[in-house]
Structures are given as C-alpha cells and as structure tokens.
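Here is a short report on a protein and its ligand. Please look at the model first.

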Amino acid sequence: MSTTLKKVVILGGGTAGWMTAAAMIKLLGPQYCEVVLVESDEIGTVGVGEATVPPMSIFNKTLDIDENDFLKNTQGTFKLGIEFVNWGKIGDRYIHAFGDVGKDMNSLHFYQYWLKMHLAGKAHYLEEYGLNAKASYQNKFMRSENRGNSPLSNIAYAFHFDAGLYAKYLRNYAEQRGVIRIEGKVQQVNLRPEDGFIKSLLLNDGQIIEGDLFIDCSGFRALLISDALKVGYEDWSHWLPCDRAWAVQCEAAADPVPYTRSTAHAAGWQWRIPLQHRVGNGHVFASQYMSEEKAREILIENLESPPITEPRLVKFKAGKRKEIWHKNCVAVGLASGFLEPLESTSIYLVQSAIARLLALFPSTEFKQEDIEEFNRQSDFEYEKIRDFIILHYYANERDDSEFWRYCRNMSVPEALTRRINLFKSSGRVFRQTVEMFCELSWVEVLLGQGVTPRAYDPLVDRMSEDEIAQRLESVRQVIQRSVDYMPSHAEFIAHNCKAEKMM
Ligand SMILES: Cc1cc2nc3c(=O)[nH]c(=O)nc-3n(C[C@H](O)[C@H](O)[C@H](O)COP(=O)(O)OP(=O)(O)OC[C@H]3O[C@@H](n4cnc5c(N)ncnc54)[C@H](O)[C@@H]3O)c2cc1C
C-alpha cells in the first residue's frame, strides 16, 4: 500500500498560508498530492509584515518568481539594511546593513583590522567601509553586476512590500498551478479517536475538509496546533516585553529610501517601511510600561507624512510553540510563534519552515524521528534569532524610562551572555552552523548598541599598522566610488519595477 500523502490542507491565507501553498505546489508538483487552502475573508489577515531579509530572493528564485514582476505587483522597494535610531542611547544612530564590510585579509575578518585602528582612534565608522550602509545613506541602489573584485559584484538586499498585495500575488501564483482555495470559517476540528491526529475541518457552511497533513497558518489564533492539539507556548516576554503594536499607513515619500528605520521610544520602538505607494509605520511597545493611548499618540506625532488609514492595534506575546510539528500538524507563520518584528525575521521563519518541511516531508507514517528533527532545527533557529533581538534591548545605556532600565538589567539567555563576553574580551564572534545572522550582523549591532571590545584579534599584528591604514583607506575609497556609480533607488525602481499608481 502506498504511503504517499494524498492531500495537504493549509489553514489560513495570510503571508504564511500563501507562501506555503505556492511552495508546496511548485516543489511537490500537482501530480504528487492535492494542495488545498482554507481561508476566511471575513476574519482577514494580520495585515502587517512588510519588511524582509535577503534570503527572500532565494524563495523567489526557487519558485521562478520574476523579481521585477513581484515588486511591480506588491508596490515593493529594495532594502539594504535597517537603521537604528536612539537605541544604544538617545541621539545614537547606526545601520545593521546586509552584505560585506571591507575585504577579509589573511583569513581574518576585515572588521578585526578595522577594530585595531578604531581602538587606536585611527579609523572612520565601520559604516564607511561597507557598500550597503553607505548606499543607504545616499539613497542609492542597484543589483549586483559582474565587475570582478568590485563590491558591486555582490550586493545583498531584501525587500519591502505591501503584505496584502503579496498574499494576493502568491494566491494567483498558487491557484494557477493547481492549489484549490476554499472560502470558509473553520468551526470545528475533528480528531481521529485512535491517535489524536487531525482528521478533518468542519467549515461554517457544513463542508468537511479531510486531509493527511494539516499546515496551521491560522495566525495568532493557532486553531490547529494550539486549540485542537493543545500544544503549549513557550513565553519569552520576560526577555522581549513588547506585546502590542499600533500600525498605520501614511502618504508615500517622494523618494523612498532603501532601508527600514527603527526609532526607539520610551517603551518600545517605531518602524518606518517605505513602499512605492505609501509608507508603513508602526509603534511596537510594552503595555506594562506605556498605555495604548500614549503609544498611539507617539506614533502619530512621529509620522513623516499625513496618515491615510486609522491606526490599528495588534496584540502579541513573544515566544514559540513548544512543538512546531505535532502529530500530522505543522505550524507555519504566527501560529508557530512570534519574535517581534525588530529584525524583520518572521517571513524568513516562514520560508525556512517550508524548506525544513520539504526536507523532512512525511509519508502517511509520520515518523517521530523526522518530527523531532524538524522541531530541534526549528528551536535552534528561533532561539538564535531571539538572542539577536534581545541584544538590541539589553545592550542599552538609556536611562530615560523604566522600560529601558528593565531591559538593561534583565538576565538574558546564557548563550547571549557568552557571546557578548567573548566580543568584549577579544572582538570575536562566531556564527553557529546554520543560524540566520552572520558574524558581521552581530558585530554591527554589538558596536551600534555601544558594546566595545577591549582587544582585537592578535593575528591582526601580522600586518604593519601603516599597511592596515593604507588598506582601510583604499577600501573606503573603493566603496565611495562604487556608491557614486550606483543610480538612485528611485531611478532604479523607475527603470526596472515601477508599480502602477493605486487608486
Ligand atoms: C506588528 C507586527 C509587525 C510585523 N512586521 C513584520 C516585518 O516587518 N517582517 C516580517 O518578516 N514579519 C513581520 N511580522 C510578522 C508577519 O506579519 C507574519 O509573519 C506574516 O504576516 C504571516 O502571518 P500569518 O500568515 O501567519 O497570519 P495571518 O496574516 O494572521 O493569517 C491568518 C490566516 O488564517 C485565517 N484564519 C484564521 N482563523 C480562521 C478560521 N477559523 N477559519 C478560516 N480561516 C481562518 C485568516 O483568515 C488568515 O487568512 C509582523 C507581525 C506583527 C504582529
């Protein structure tokens, strides 16, 4: 008897649901098994989630999605990094930029050479040596061109897009390839009495949707993994106390910048995501330290153009499902957990959950070893990203509010303490196997948040100080010349992926 799955049922048509549906139909093929997606227009989606990280282009390539077409259809813009304002202390500003900074030399990271000169007061800010940071501040963008050793040959970037248009775009893609969409509200989840696996979903119009594998993309409701299967939630709000966000859209900027901005406030922070047709904004805050009314007021006061929607409140709790795959149900997206949007990692977590599920795709036997491996890998990924986000809060010197004092004094996960201590003592950072953020991301945020190493790698001293100074200066000039060569972000969009005006 065949053990091939016959039917995959996805519950939810937000970003997670449609990304999953699109990837399943493309990579499994319509002949392998049926893919059905159930969603309720009446319930709608969370409606936020518009900034991404560079692996998103791998998702597009895997699905043969034309990047310009995707950006035209989602009013998208490019993203070279995230600017953090007022984080370490009020008045501070730094960029966590994607991509390289300088060139590694003698098998040592460029930043170690920079660190030596920086500690001696003989170097510019690290941002001067990286293409992405420099191009961000000059509002320039281009894709990589084949130019040998030039930094223009390898430009890392991500996207900003309209979440509603993105779900629509992927829905089109998935339906054209054979995904069946069913409109309806799930009223009841039926379990098999013999093993507690999910058997079917009962919809409000009486339809019964049976399946072999159920993917819970129902958002914060987590209808399958939590309500039906009773998988608990690991609460991380003692490390990430923000639990609310007001979101509002405002008028488009004349020249959208190629980066996300995150501005810290008294009990949280505000995002600014520039799209072609509007700017997305939101104030993420901890309700324990600030009232909803005050948070709303701060958001509106800090908009750069007039609002075009009413502010909307979203509530959440930082954490993760104890088991993201349980029995025949895999949670993807907000149903699996939520780390706040500071580093735009949720959509990436959707993408990596899909890749992991495909790598460990079950037969009807649902082998426990596969499920455990999936959960182990998911936990690792979540925890590493969690620590990276905690770092932004913990390493602060702000003394203007109870919130920042709490963050500075909280006890953080041991692995994070070890990382910070290693960096402080020798300027060293190591990326662990497949964790999402690379060494340079950690270095940029550690330095940006005011964590300064006491020493640099001693192997740097194999090169004379004069030579290091020369090399640094040469990198700085190459970066400046490269940025001068780049077109403006607006010009690049106009030539490649200009979206139609929205009515
Ligand atoms: C404030 C905030 C800001 C964010 N910013 C970012 C960001 O910048 N970058 C990033 O990567 N991520 C961000 N995220 C996360 C991102 O929004 C989500 O990861 C992404 O939108 C996926 O959401 P989802 O599809 O899991 O859930 P949702 O969008 O909530 O979709 C849930 C789906 O389930 C359906 N559903 C629910 N109940 C039922 C039912 N009973 N019957 C039928 N259907 C049902 C709904 O109709 C909907 O289609 C942010 C999240 C928040 C809260």
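Which atom of Ser346 lies 3.3 Å from an oxygen atom of the ligand? A backbone N or O atom of Ser346 does. This is a predicted model, where local features need pLDDT of at least 70, side-chain atom pairs count only at pLDDT 80 or more, and totals for chains, interfaces and linings use all residues. Residues are numbered from 1 along each chain as its sequence is written, and side-chain values use heavy atoms, with hydrogens and water left out.

| Backbone side | Ligand atom | Distance |
|---|---|---|
| Val186, polar backbone atom | nitrogen | 2.9 Å |
| Leu334, N or O atom | oxygen | 2.9 Å |
| Ser346, N or O atom | oxygen | 3.3 Å |

Taken alone, the ligand exposes 1,000 Å². The protein buries 97% of that (accessible area by the Shrake-Rupley method, 1.4 Å probe).

Around the ligand there are 35 residues, each with a heavy atom within 4 Å of it. Gly13, Ala51, Val186, Leu334 and Ile347 come nearest. By class, this shell has 17 nonpolar, 14 polar and four charged residues. Helices α1 (15–28) and α9 (346–359) each supply at least two of its residues.

Now the helix pair. The axes of α10 (368–394) and α11 (402–409) come within 8 Å and cross at roughly 125°. His392, Tyr393 and Tyr394 in α10 meet Phe403, Trp404, Cys407 and Arg408 in α11, with heavy atoms within 4.5 Å.

Definitions and conventions:
A polar contact is a pair of N or O atoms within 3.5 Å; within protein, one must be able to donate a hydrogen and the other to accept it, and residues adjacent in sequence count only if both atoms are side-chain atoms. Helices (H or I, at least four residues) and strands (E, at least two) are DSSP runs, numbered from the N terminus. Ala, Val, Leu, Ile, Met, Phe, Trp, Tyr, Cys and Pro count as nonpolar, Asp, Glu, Lys and Arg as charged, and the others, Gly among them, as polar. Axes are lines fitted to C-alpha atoms, for helices over the stretch in contact, and angles run from 0 to 180 degrees between N-to-C directions.
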